[in-house]
Amino acid sequence: MERQQGEVKADRLERPDPLCDSEREMIKDTWAKVYQNCDDVGVAILIRLFVNFPSSKQYFSQFQQVEDPEELERSAQLRKHARRVMNAINTLVENLHDGDKMVSVLKLLGKAHALRHKVEPVYFKILTGVILEVLVEDFPDYITPEVAGAWTKLLDAVYWHVAGVYEEVGWASSSAV
Ligand code: HEM
């Protein structure tokens, strides 16, 4: 059954405030620890997405019918997407001082998901929330409330830019999950 945590809507948020230098440093420092466990963390994030929000599996031909988390975990398509998500975040973290590069990465990402994969933008909002949850739970020694605040800003910016691309390409639907 779909998680009942209140409706998640795909409204575009206010443009998030830019990160300050100390927030960039906090993100870089914590990401270095997280990225050491790239595969495990990426898979944990996606399993949580697909278990808590099963409708998000609809876009993945190889496991859209799979419910068992252990079987999901073995899916090559899931593991590949987990690595892609982690690598994309890594690129953003490596370019925190280069706003133009970050925007161009997010534009490509938004375009591919809107036009090629036809993913509803609400799933980006859900996934960015899941990423934060997993970081906070799995890295409690590193993700203090202050660090979580910095990550929230970055993840809000990811969603804001991706949602902007969806608007640009004329994405019509705004369903709630
Ligand atoms: C931070 C969020 C995300 C990142 C960084 C990300 C990254 C990527 C990348 C790099 C690719 C391959 C490149 C491409 O096709 O252009 C990809 C493919 C794909 N993504 Fe995402 N993605 C994200 C969120 C999502 C979400 C929320 C969904 C759906 C619930 C999704 C569904 C897909 C699908 C179906 C593919 C094609 C998979 C395949 O061909 O096996 N992605 N993603």
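Q: What pattern does the protein follow, read along the sequence?
A: Keep in mind that this is a predicted model. The protein has seven helices and zero strands. Read along the sequence, that comes out as α-α-α-α-α-α-α.

Q: What share of the residues in the protein is buried?
A: The protein has 177 residues. To count as buried, a residue has to be under 20% relative accessible area. Buried residues make up 44%.

Q: Which element gives the largest share of the largest nonpolar core?
A: That core has 54 residues, and Ile45 and Trp151 are the ones with the most contacts inside it. The elements that give it two or more residues are H1 (21-36), H2 (38-52), H4, H5, H6 and H7 (145-168). The largest share is eleven residues, and the helix behind it is H7.

Q: Is threonine 30 buried or exposed?
A: You'll find threonine 30 in helix H1. Its relative accessibility is 5%, and the cut-off for buried is under 20%, so threonine 30 counts as buried.

Q: How many Å apart in space are threonine 30 and threonine 128?
A: In sequence, the two threonines are 98 residues apart. Go C-alpha to C-alpha through space, and the distance between threonine 30 and threonine 128 is 16 Å.

Q: Is arginine 15 buried or exposed?
A: Arginine 15 is found in the segment before H1. Exposed means over 50% relative accessible area, and arginine 15 has 56%, so it goes down as exposed.

Q: How far apart in space are arginine 15 and leucine 106?
A: Along the chain, 91 residues separate arginine 15 from leucine 106. Taken C-alpha to C-alpha, the distance in space is 14 Å.

Q: Why does alanine 172 count as exposed?
A: Alanine 172 sits in the segment after H7. Alanine 172 counts as exposed because its relative accessibility is 74%.

Q: Which residue other than glycine has a positive phi near 55°?
A: Look in the loop between H5 and H6, where lysine 118 is found. The residue with that positive phi is lysine 118.

Q: Which pocket does the ligand take up?
A: Start with what's around it: 17 residues surround the ligand, and the closest are Gln77, His81, His113, Arg116 and His117. The space taken by the ligand is the largest pocket.

Q: Which helix gives the most to the shell around the ligand?
A: The elements that give two or more residues to the shell are H4 (76-94), H5 (99-116) and H6 (122-138). With five residues, the one that gives the most is H4.

Q: How many residues of the shell around the ligand are nonpolar?
A: Sorted by class, the shell around the ligand has five polar residues and two charged ones. The nonpolar count is ten.

Q: Which side chain has an N or O atom 2.8 Å from a nitrogen atom of the ligand?
A: On the oxygen side, a ligand oxygen is 3.0 Å from an N or O atom in the side chain of glutamine 77. Likewise, a ligand oxygen is 3.0 Å from an N or O atom in the side chain of arginine 116. For the nitrogen atom and the 2.8 Å distance, the side chain is that of histidine 113.

Key:
Residues are numbered from 1 along each chain as its sequence is written. This is a predicted model: local features need pLDDT of at least 70, side-chain atom pairs count only at pLDDT 80 or more; totals for chains, interfaces and linings use all residues. Side-chain values use heavy atoms; hydrogens and water are left out. A residue is near a molecule or strand if one of its heavy atoms lies within 4 Å of it. A polar contact is a pair of N or O atoms within 3.5 Å; within protein, one must be able to donate a hydrogen and the other to accept it, and residues adjacent in sequence count only if both atoms are side-chain atoms. On a 1 Å grid over the protein atoms alone, a cavity is a set of points where a 1.4 Å probe fits but cannot get out, and a pocket is an open set with protein on both sides within 12 Å along at least five of seven lines; lining residues have an atom within 4 Å of a point. A molecule sits in a cavity or pocket if more than half of its atoms lie within 2 Å of its grid points. Helices (H or I, at least four residues) and strands (E, at least two) are DSSP runs, numbered from the N terminus. Ala, Val, Leu, Ile, Met, Phe, Trp, Tyr, Cys and Pro count as nonpolar, Asp, Glu, Lys and Arg as charged, and the others, Gly among them, as polar. A nonpolar core is a set of buried Ala, Val, Leu, Ile, Met, Phe, Trp, Tyr and Cys residues joined through side-chain atoms within 4.5 Å. Buried means under 20% relative accessible area, exposed over 50%, partly exposed in between (1.4 Å probe, protein chains only).
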